[in-house]
There are 2 protein chains.
Amino acid sequence: MARTVSGPAEESLNGLVTVLDFVRTHGSSTRPRLMHATGLTRAVVTQRVAELVEYGLLAEGELGPSTGGRAPRLLRFRADAGHLLVADLGATSVDIAVADLAGQIIVHVEEPYDIAAGADIVLDHVDELFQQCLAEADELPGKLWGIGIGLPGPVEFHSGRPIAPPIMPGWDRHPVRERFSDYDVPIWVDNDVNVMALGELRAGIAREHENVVFIKIGTGIGAGIVVEGRLHRGAQGCAGDVGHIQILDVDGDDVICRCGNVNCLEAFAGGAALGRDAERLAREGRSPFLARLLDEKGSLDARDLSRAAAHGDPASVELITNAGRLIGRMLAGIVNFFNPSLIVIGGGVAGAGDLLLATIRESVYRRSLPLATRDLVVKRSTLEGLGGVIGAAAMVTDELFSPHRLSQWLDAGTPVGRRELAAHR
Amino acid sequence: MARTVSGPAEESLNGLVTVLDFVRTHGSSTRPRLMHATGLTRAVVTQRVAELVEYGLLAEGELGPSTGGRAPRLLRFRADAGHLLVADLGATSVDIAVADLAGQIIVHVEEPYDIAAGADIVLDHVDELFQQCLAEADELPGKLWGIGIGLPGPVEFHSGRPIAPPIMPGWDRHPVRERFSDYDVPIWVDNDVNVMALGELRAGIAREHENVVFIKIGTGIGAGIVVEGRLHRGAQGCAGDVGHIQILDVDGDDVICRCGNVNCLEAFAGGAALGRDAERLAREGRSPFLARLLDEKGSLDARDLSRAAAHGDPASVELITNAGRLIGRMLAGIVNFFNPSLIVIGGGVAGAGDLLLATIRESVYRRSLPLATRDLVVKRSTLEGLGGVIGAAAMVTDELFSPHRLSQWLDAGTPVGRRELAAHR
């Protein structure tokens with residue numbers, strides 16, 4: 001290996017990342033716009049752009065709008081320089097997709113399955129679906145650059161391993177990354193709620209916000225936290241575990257949560273709890289609507305409860321209202337503590353009806369400080385089921401184009417990085 | 001003004017801030033250590049150091065330890081290049097200090113006073129104490145570079161104005177900064193709890209931590225939040241207002257809080273509430289110890305309650321234990337949400353005895369998730385009453401040496417910045 005090419009100084013690396021990030025997140029730009037937005041001088045912008053064009057990450061396009069003088073040439077991020085494989089594993093369904101380097105979804109498949117079937121069976125199936133997705137793509141941009149996976153439980157981000165995940169028996173410390181080592185690309189694994197929060201930040205309603213709480217109400221309840229535009233994972237990487245905050249004013253008997261504690265929020269207001277309570281309403285004769293549904297289906301879930309509430313079934317309305325109030329109380333405390341500008345509500349249960357969202361919103365506004373709610377927006381996710389795969393793609397591109405990894409590619413005193421990047425063109 | 005000197009590019013500004021921050025926060029360094037720690041090349045480090053020596057911010061010292069070759073020369077941050085005036089205004093006492101540019105306190109005075117006396121009276125008194133402190137200093141390093149003030153209420157950081165502060169009648173939107181415009185230096189004002197959290201981060205037990213919750217238990221209760229080593233102020237700047245999180249399982253009548261809502265945490269567990277409840281215990285004959293104290297003093301506060309508990313007075317022990325449990329419950333929810341590695345407990349009430357801290361700690365560990373508390377440390381502040389002024393000095397130096405302000409000084413295509421800095425030598 002030649003040792004004569006000296007690695008770029010940290011300063012020029014920073015310039016490179018700044019220019020790349022701006023064009024990448026804006027889709028396209030011009031040199032004058034880059035100068036204006038980044039504060040870099042004309043000479044620095046020109047040089048960094050030339051390098052990024054050489055690496056195959058930027059392309060010169062047509063002439064852009066003139067602002068008086070000669071019209072500047074458009075610079076485009078080469079999203080088609082490669083592709084990514086992403087997976088969002090929920091408790092009861094899996095989403096798999098192929099995305100380009102801008103995180104745009106090219107092919108998407110969704111399937112029901114059971115995460116509790118165990119790591120080997122589930123990951124073999126994910127691999128099959130990866131292959132199926134790749135085969136279905138009409139035209140696959142460039143080579144594979146990376147893989148991103150979201151899991152429904154706590155994940156140690158630096159090792160990519162699930163840590164004692166309550167609903168994933170047999171997955172504790174499973175080497176998820178190593179299962180896909182044949183692909184010979186970098187792989188990132190994170191908690192599904194963190195991944196969904198990233199999706200909202202890059203492509204959803206959180207795009208214009210800096211301080212965001214994304215809350216997923218599915219089988220369980222969890223939160224993804226964005227601080228000044230970046231995901232907050234916390235000291236042990238388990239920030240956002242709001243489903244296991246204890247509810248204190250419980251009427252009647254303690255309820256045991258799947259985490260082993262009693263009276264956790266999700267033991268009352270999560271999807272699994274709502275399904276259980278809906279079946280109880282049906283069996284106890286307190287909801288003829290739910291009783292009919294239970295006869296037909298054999299079991300009930302939170303969607304059935306929402307359907308019953310939408311038909312005006314009083315017992316179902318009460319159950320959902322109570323769940324919304326409990327979630328809203330928890331969020332009110334978080335609003336006082338964290339002062340976000342946006343709360344995004346996502347997940348299967350949240351998507352099932354308007355009543356839950358309305359109750360949560362009312363409870364948050366009533367119980368938080370006026371200053372903290374002055375401009376607070378509480379909205380449902382608009383990404384539908386795609387939030388997870390969009391977020392997983394965002395996780396991969398953020399890591400691929402981080403200063404740390406770019407410096408690994410471009411630096412080290414050898415042109416290996418450049419060759420590696422060039423090979424991806 | 002000469003226009004021939006072109007401003008430094010953003011890239012070299014970043015290098016300048018990186019080098020300055022490292023030497024500043026470590027007190028001293030060497031060029032090889034700087035290269036190793038910052039990843040900057042030898043050439044860049046040499047140039048940035050030369051510039052910072054020219055500006056009077058770094059000084060060459062004696063020879064440092066050798067690591068084989070020629071011993072490198074020590075570089076020292078010139079903390080003596082200037083001084084700062086800082087004030088920490090509490091509800092019932094004010095701390096004033098002179099600090100050097102490293103945030104070391106040179107002179108400190110503390111006085112009882114009443115924040116409710118109104119903005120003009122209080123700020124005139126602060127100004128007198130500033131003058132008194134300046135007069136008391138044996139040798140004042142350099143010129144005055146900046147002023148920092150902490151206030152016991154919500155502050156809009158960018159304008160430096162208090163916003164509807166509950167215990168500061170007449171202070172709403174008061175132009176605090178403008179009051180000290182005669183000093184002709186930049187002035188920063190923030191909420192006292194944020195300022196104290198900064199103090200812990202720079203000079204207290206939070207120094208080695210990235211994700212910290214500082215909680216002040218004084219007349220009221222508030223939190224300062226540190227995310228990845230930086231203060232988190234939130235979307236409206238009111239993050240950390242945990243004293244007004246509602247307690248839900250209240251036995252008996254609702255308690256009206258000074259904020260206008262009912263059953264806020266600080267209406268039960270804040271210093272004002274504990275003083276009120278201590279007087280009630282004395283009057284109702286439930287604590288002979290407190291009754292004697294009330295006879296002597298005419299009124300009781302949280303310190304009297306702590307003293308009674310330390311003497312084994314059962315009613316006082318119960319009151320403090322109950323307050324600790326309520327604060328601990330609130331913190332347990334925050335631990336699940338935010339996953340800090342450290343909780344620092346400060347403020348006058350927290351300093352009054354061990355019982356409160358022990359109860360808080362027990363409650364946090366019992367009610368938070370095991371993964372989130374695995375390495376969680378819950379400790380009392382060790383800065384005693386100085387946390388506020390140390391933090392206010394840290395706020396000023398962080399802002400003075402921020403990239404934004406350094407660029408204002410050094411940039412603008414003129415050597416004005418250099419001259420301004422040189423004038424401070």
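Buried area is the accessible area, taken with a 1.4 Å probe, that two parts lose on being put together, summed over both. Keep that in mind as you open this predicted model, in which local features need pLDDT of at least 70, side-chain atom pairs count only at pLDDT 80 or more, and totals for chains, interfaces and linings use all residues. Residues are numbered from 1 along each chain as its sequence is written, chains are lettered from A in the order in which they are written, and side-chain values use heavy atoms, with hydrogens and water left out.

**Stop 1: the interface**

Show chain A and chain B together. About 4300 Å² is buried between them, and carbon and sulfur atoms give 57% of this area. Now select the residues in contact (heavy atoms within 4.5 Å): 49 come from chain A and 49 from chain B.

**Stop 2: bridges between the chains**

Next, look for salt bridges, where a side-chain nitrogen of Lys or Arg is within 4 Å of a carboxyl oxygen of Asp or Glu. The rule finds two across this interface. Select A:Arg230 and B:Glu228, whose side chains meet at 3.2 Å, N to O. A:Arg230 sits in strand β13 of chain A, while B:Glu228 is in the loop between β12 (221-227) and β13 (230-232) of chain B, so the pair joins two chains. Strands here are DSSP runs of E, at least two residues, and helices are runs of H or I, at least four, numbered from the N terminus. Then select B:Arg230 and A:Glu228, a salt bridge that is also listed at 3.2 Å, N to O.

A:Arg230 is exposed at 52%, and B:Glu228 is partly exposed at 37%.

**Stop 3: helix α1 of chain A**

Move to A:Arg24 and A:Asp21, which form a salt bridge with their closest N and O atoms 3.5 Å apart. Both lie in helix α1 of chain A, three residues apart, about one turn of the helix. A:Arg24 counts as buried at 13% relative accessibility, whereas A:Asp21 is partly exposed at 27%.

**Stop 4: helix α12 of chain B**

Finish with B:Glu362 and B:Arg366, a salt bridge whose closest N and O atoms are 3.6 Å apart. These residues share helix α12 (residues 354-367) of chain B, four residues apart, about one turn. B:Glu362 is partly exposed at 47%, and B:Arg366 is partly exposed at 47%.

Definitions and conventions. Buried < 20%, exposed > 50% of the residue type's maximum accessible area, 1.4 Å probe, protein only.
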